[in-house]
Amino acid sequence: MPKLSAAQFEARRNEILKAAFTCLAKLGYARMTIRDIAKKAGASVGTFYLYFQDKDEVILALREQHEANLSANLPESGDGTGAIEFLDALFLFLLRSLDTAECEDTLRVDIQIWAEALQNDSLNELAVGVFKEKIRNFAGLVAKAQKEGKLDKTLKPEALARLFLAIITGLELQRALNPGYIYKDLIVPIRKLLR
């Protein structure tokens, strides 16, 4: 077997990740098998094991890839942007992304991971870690907005951050269950809530 270059190795790994994403969205974690992933990727089961040890490892890689893609597309908080304005832009970005057809499989995958995390320690650790990081980021924005005098200083930043995350995850769940809802209708109410 010819040795793959680093670029070829990475490209093949990405094909397997793409196949795993499709299988997870379609079949769910419990029903998805390594064989399903390999078949979808046009590879053998042995090839899968050259890249990943098991389903959990491929899910961890999918999650890392998703977070990297999300971070690359999020609005940026420049030095001249206030925290409330950045939170507004962030919620606007998230609501608009919920109104796209492309988000459907991503939401199905997220919900599959959350559900499996209730039974699977490594996925639980992953999900909790992702939530903790988002709460930390939101809490930082809340604290910044409080320093800017735009949010009530008696509010606990972490508590408000948890509320923001609950809004976002709740909207994700609603979108996955009810794809036809128009989320742009929520832009004005969320902006009023932030103010």
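**Close-up views of the predicted model**

**View A. Ile135 of the predicted model counts as buried because its relative accessibility is 8%.** The residue is found in helix H7, which spans residues 121-147. Apart from neighbours within four places in sequence, Ile135 is in contact with Glu158, Ala161, Arg162 and Leu165. Arg162 is 27 residues from Ile135 along the chain, yet their C-alpha atoms are separated by 5.9 Å.

**View B. The largest pocket holds about 1,200 Å³ of space.** Its lining comprises 44 residues, and His66, Glu67, Leu70, Thr106 and Lys134 lie nearest the centre. At least two lining residues come from each of helices H1 (6-27), H4 (55-73), H5 (83-98), H6 (103-117), H7 and H8 (157-177). H4 gives the most, with 9 residues. By class, the lining has 25 nonpolar, 11 polar and 8 charged residues.

**View C. Phe48 and Tyr49 belong to a cluster, linked by ring pairs, that also includes Phe52.** The whole structure contains 7 aromatic pairs. One of them, between Phe48 and Tyr49, is edge-to-face, at 5.4 Å centre to centre with 90° between the planes. Phe48 is buried, with a relative accessible area of 1%, whereas Tyr49 is partly exposed at 44%.

**View D. Phe138 and Phe164 form an edge-to-face pair, since their planes lie at 65° and their ring centres are 5.7 Å apart.** This pair links distant parts of the chain, with Phe138 in helix H7 and Phe164 in helix H8, 26 residues apart. Phe138 is buried, with a relative accessible area of 6%; Phe164 is also buried, with a value of 6%.

**View E. Lys55 lies over the face of Tyr29, at 4.3 Å from the ring centre.**

Definitions and conventions:
Residues are numbered from 1 along each chain as its sequence is written. This is a predicted model: local features need pLDDT of at least 70, side-chain atom pairs count only at pLDDT 80 or more; totals for chains, interfaces and linings use all residues. Side-chain values use heavy atoms; hydrogens and water are left out. Helices (H or I, at least four residues) and strands (E, at least two) are DSSP runs, numbered from the N terminus. Buried means under 20% relative accessible area, exposed over 50%, partly exposed in between (1.4 Å probe, protein chains only). Contact means heavy atoms within 4.5 Å. On a 1 Å grid over the protein atoms alone, a cavity is a set of points where a 1.4 Å probe fits but cannot get out, and a pocket is an open set with protein on both sides within 12 Å along at least five of seven lines; lining residues have an atom within 4 Å of a point. Grid points are joined across faces, edges and corners, and a volume is the space filled by probe spheres set on the points. Ala, Val, Leu, Ile, Met, Phe, Trp, Tyr, Cys and Pro count as nonpolar, Asp, Glu, Lys and Arg as charged, and the others, Gly among them, as polar. Rings of Phe, Tyr and Trp (its six-membered ring) pair if their centres lie within 6.5 Å; planes under 30 degrees apart count as stacked, over 60 as edge-to-face and the rest as tilted. A charge sits over a ring if NZ of Lys or CZ of Arg is within 6 Å of the ring centre and within 35 degrees of the ring normal.
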